[in-house]
Each structure stands twice: as structure tokens, then as C-alpha cells.
Amino acid sequence: MLGLGSWVRAQDDSSARSPLNIPAQDSGTFSAGASNFELNLQRGSHSFLPGLTTETFGINGNYLGPTLRFKRNERVAMQVSNRLGEPSTLHWHGFHLPPLADGGPHQEIAANQLWSPAFDVVQFAGTYWYHSHVMHGSGGQVYKGLAGMIIVDDDDQDVALPNSYGVDDISLIIQDRRFSDDGSMPYLTRYEDRVMGMMGDTILVNGTVNPVLSPRTRLLRLRVLNGSNARTYNLGFSDNRAFYQIGSDGGLLDAPVQLTQLQLAVAERAEILVEFDPGEEVTLVNVELPPSFPEFPGAMSEMMRSLNTQGFEILHFRAQAQLEDNRGLPSRLNDIYRLPEAAATNTRTFRLGMGAGMRSGEDAGPGRGSRNGRGGGFGGGQFSINGRLMAENYINERIDFNTTEIWELTNTSPMMHPFHVHNGQFQILDRNGSPPPDNEMGWKDTVKVGPSELVRIVMRFTDFRDEENPYMYHCHILEHEDRGMMGQFVIV
Ligand code: C2O
Ligand code: CU
Ligand code: CU
């Protein structure tokens, strides 16, 4: 039901559209020197499709969670209580914080338990998110709804951008889901769900199917989060209009980057500015990629292409007849300090590949094998990093405190993997030896690594020295992460 075919057909049927849900904001309550947030992980149900009810997970609600507003340099104290009846975690994606506050797989919150981490917000202003990171189970929990957005504000930032939440500053959590005829969202029902990751045929934006938004200002700021489990979006507008990317994962870019298409992999964020004329209608779409698109070469290309490169609608805009002139487009946004390559004292290599262990030149350590079985190529559907699978008690990398490192990311598999590193933001040095495009010159915590690509990133490891408690790095296709495409590092 509601396959992508009918999605496209719905274009002319405006009665089928629903107003875009805008997640509630939560700025916490100030006491004892910190902003305090109470987050309840809970079960719920929601009607995504007319007449049908879907069992869901949510945070302080039925599906997804509130948009948390943090201020740069404030302290935040979280009270996360797990009412799901199963173990969970909550991870603050993109944040530079002590490992015990990170909310990764080691900070498991048992059923009916409370987890109370606190940390200083040292991030730049920008768009981040939070989600379940429970060992082997993040995919299923995020799919049901355990995720939300975080906006970091900075009163000292003096660039004039639309900032009226829900009016000209709109958060968009884009996800794809697959519904059964009874309205349920079964997880992992097909072979390819485990290999390519879980992809659906129905798009949700902030939980709304077939959404419409009616801007009342000329300029809109869209904070786009790819909150899907596996799907990469190739965003654009139905009339191919230009828009401007102003922010990446970890804050504002130096200057707006004009684009007509923007590829956003799982967990990546982009802030964009787009202009409207009074009364006009236009749709944010997934722009179909040409069959020659080089992302998926090789034998499995047809299967992946059909899943990941087709065109469909995401969010319809119907501008109001009168539009307020809210802001102009700034020419300058930020002055990003480029981490010098020469400052790096160590280089590590991370090979994103298929299968695990046992091949010559690979270390066959405690990460080998998995509860999900193994095997070669797509036959086993197993992805690994440096030939290993995540093992809870094995630290893959020990990094010297207060150093800068270059990480070389390679990909020997036939599909793109979005590589994510915990504990902060890095910069991309180059892709196959060439500087990244302008919209990848800002702070990043997740980077696409295509087949046969060599992506070099540079990162600083400051603060939070802790020999015992690791941070994660992993592919952010959640089914890959859950099946072992993850490793651990400590800062010593
Ligand atoms: Cu979005 Cu390891 O996290
Ligand atoms: Cu993360
Ligand atoms: Cu992957």
C-alpha cells in the first residue's frame, strides 16, 4: 500500500495531504546550574495512514521525540527513563562529551531504569539529533520511533538567519517506512532489508505521510535530518529551483552553497535556505538518479538502484498568498578553522568491506562471526570494518589524548556506507585525492564513503581522556551497525 507509485500519483490529489507535523520544542527547566530535560522512552500508537493504527515507540509521545533546544556553553542534565519494557539507550549524535554520557551501546538503560547523564554543550550552533543506540537493536528501535532532533543555539552568533521555530525555521526528519495492510510496520521481512538496510516505500516527514506546509515568509530555513535506517536521499525541488545549503552536521558553512540537488545519507544533516513567491506550489522531492550513477556499480547494482535512486515526493509547499519579507540571504556565515593536515601525528586506515576475518592480511580477532551467521559477499550480507565485527569487549583503537589524526576510509564493498564517528566533529580532507565539494568543507560527523572511494578525514581528540570507556565509530546504516559494522576507540 502507498507504494512509491501511488506516492507520485498523490501529487494531484491535494485532499490526501496532511499538514506537516512540527515536533514540540523542549528547552528544559533550569535548576542547579543546568538545563534539565526529562525524557521518557515509551510505547505508543499512531495513525500514519487513514483508518489504521500503528504500534510505535516515542520519547515523551507516541512517535519520535521533542526537538531539544540546547544553548552553546550551557550544561544540560538529562533524565532518561526507560518505560519500553526492553533495554534501550539514548545517544546524543554529533556531541563532544565524556564517553559515559554518550549514550552508546555501553550506556544501556535496562527496562524501568533511569539514566541521568549531564554534559556541557560545547558544540557550535547547529542541527544534531538523538536516537537509540542499543547493542544489536538500534535499527528496530529507531524504526519504531526512538529518535528526535536537537538544535544548538548560540546567542553570540551574529549572522541573521530565519530562526522562528515552526514558522520560518522548520525541522524536517525524513524517514521511509513500510506498512502492512493492518497498519503495522514490520521490521526486517526481506532478505535485502538486512543487506542494503531497511528501506520503506512510504515517506514520513516528522511522522507525517504526504505532508504539506504553507510558508508565510519568503525565505524558509529547513533543518533536514536524514533519520532513515538506510536510505540515501537525493533532495531537490520539483521545479529544479536553486536552494542554498548553509549548514552541515556540526554548524554553519563559511558561506551559502548554491545547489539544485543535495545527497543526504543516513544521519547527515543539512540546513538549507529556500525562497518562495506568494501563492506558489512546489514540492521537495527525491530526484531520480540516472542509471549510470556510479554509486552502485557491480553485480548487485540493479537491486540497489531500484531501492535507492527512484524519484518521489517528500514534502509539498503551498506558499500563502501574502508572504512576509523575513530575511535576505547572507553572503557570509562563518569562519571555519581548517584543521591543518600537517598537525596530524598519526594516520589510521578503516576499510569498509564485506564479510569478516579469515582473509589474508586481516586480523581474525574476537570480532569474528556473529549471531546472524556469516558468509561471503552479499550471500552472507555481512559488512565489517577492517575485516572485523564489533565485539563488546574489544577496543579496536587506542588514541593518544590531545592529538590530531587522519583517518583514511576505504570501501571495498559494492555499496556506499555513511561512516560516523562519536565524540564530535571532523573535517573532510579529500575524496580520492580531490578536495571535497564546498558543502562538505564544514564540520561533519558522518561522511559518505562510496565504493572504491578513499575519503580522508582529520579529527582532534581533546578533553575526555578515559582508558576504560570507549566511543564508537560505525556505518550509520542501522542494519549494518547492528550486525557488527562498528568499532570502538578509547582516548588514552
Ligand atoms: Cu547516530 Cu553511533 O550514532
Ligand atoms: Cu553518534
Ligand atoms: Cu554500511
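Author: Start with accessibility: a residue is buried under 20% relative accessible area, exposed over 50% and partly exposed in between, computed with a 1.4 Å probe on protein chains only. This is a predicted model, where local features need pLDDT of at least 70 and side-chain atom pairs count only at pLDDT 80 or more, while totals for chains, interfaces and linings use all residues. Residues are numbered from 1 along each chain as its sequence is written, chains are lettered from A and ligands numbered from 1 in the order in which they are written, and side-chain values use heavy atoms, with hydrogens and water left out.

Now the charged pairs. A salt bridge is a side-chain nitrogen of Lys or Arg within 4 Å of a carboxyl oxygen of Asp or Glu. That rule gives 29 salt bridges. Strands are DSSP runs of E with at least two residues, helices are runs of H or I with at least four, and both are numbered from the N terminus.

Take Asp120 and Arg75. Their side chains form a salt bridge at 3.1 Å, N to O. This pair links distant parts of the chain: Asp120 is in strand β10 (residues 118–120) and Arg75 in strand β7, 45 residues apart. Asp120 has a relative accessible area of 39%, so it is partly exposed. Arg75, at 36%, is partly exposed too.

Next, Arg318 and Glu281. Here the salt bridge spans 3.3 Å, N to O. Arg318 sits in strand β24 (residues 312–318) and Glu281 in strand β23 (residues 281–286), so distant parts of the chain, 37 residues apart, are linked. Arg318 is partly exposed at 26% relative accessible area. Glu281 is partly exposed at 47%.

Then Glu467 and Arg398. Their side chains meet at 3.9 Å, N to O. Glu467 belongs to strand β33 (residues 466–475) and Arg398 to strand β27 (residues 397–399); the link joins distant parts of the chain, 69 residues apart. Glu467 is partly exposed, with 48% relative accessible area. Arg398 is partly exposed, with 47%. Elsewhere, salt bridges that share partners join Asp249, Glu268, Arg269, Lys444, Asp445 and Lys448 into one network.

Strand β7 leads on to another residue. Asn82 lies in β7 (residues 75–82). At 1% relative accessibility, Asn82 counts as buried. A polar atom of the Asn82 side chain lies 2.9 Å from the backbone oxygen of Ile109. A polar contact is a pair of N or O atoms within 3.5 Å; within protein, one must be able to donate a hydrogen and the other to accept it, and residues adjacent in sequence count only if both atoms are side-chain atoms. Contact means heavy atoms within 4.5 Å. Leaving out residues up to four places away in sequence, Asn82 touches Leu41, Pro87, Ser88, Ile109, Ala110, Ala111, Asn112 and Gln113.

Now the metal sites. Donors are N, O and S atoms within 2.8 Å of the metal (3.2 Å for Na, K and Ca); water is not among the atoms, so sites may look incomplete. His91 is in strand β8 (residues 91–93) and His420 in strand β29 (residues 417–421), so the pair ties together parts 329 residues apart in sequence. Both of these histidines, His91 and His420, are buried. The copper ion (ligand 3) is coordinated by His417 (ND1), Cys475 (SG) and His480 (ND1), at 2.0 to 2.1 Å. Its donor residues are spaced H-x57-C-x4-H in sequence. Both Cys475 and His480 are buried.

Strand β8 also belongs to a sheet. Two strands pair if DSSP finds at least two bridges between them. Five strands make an open sheet in the order β2-β6-β12-β11-β8, with mixed pairing. β2 (25–26) and β8 stand at the edges with a single partner strand each, so one side of each has no neighbour in the sheet. β2 pairs with strand β6 (residues 67–71) in the parallel sense, over two bridges. Asp26 is opposite Leu68 in β6.

Strands β19 (residues 243–248) and β20 (residues 251–259) pair in the antiparallel sense over five bridges. Two residues lie between them in the hairpin. Tyr244 stands opposite Gln258 in β20.
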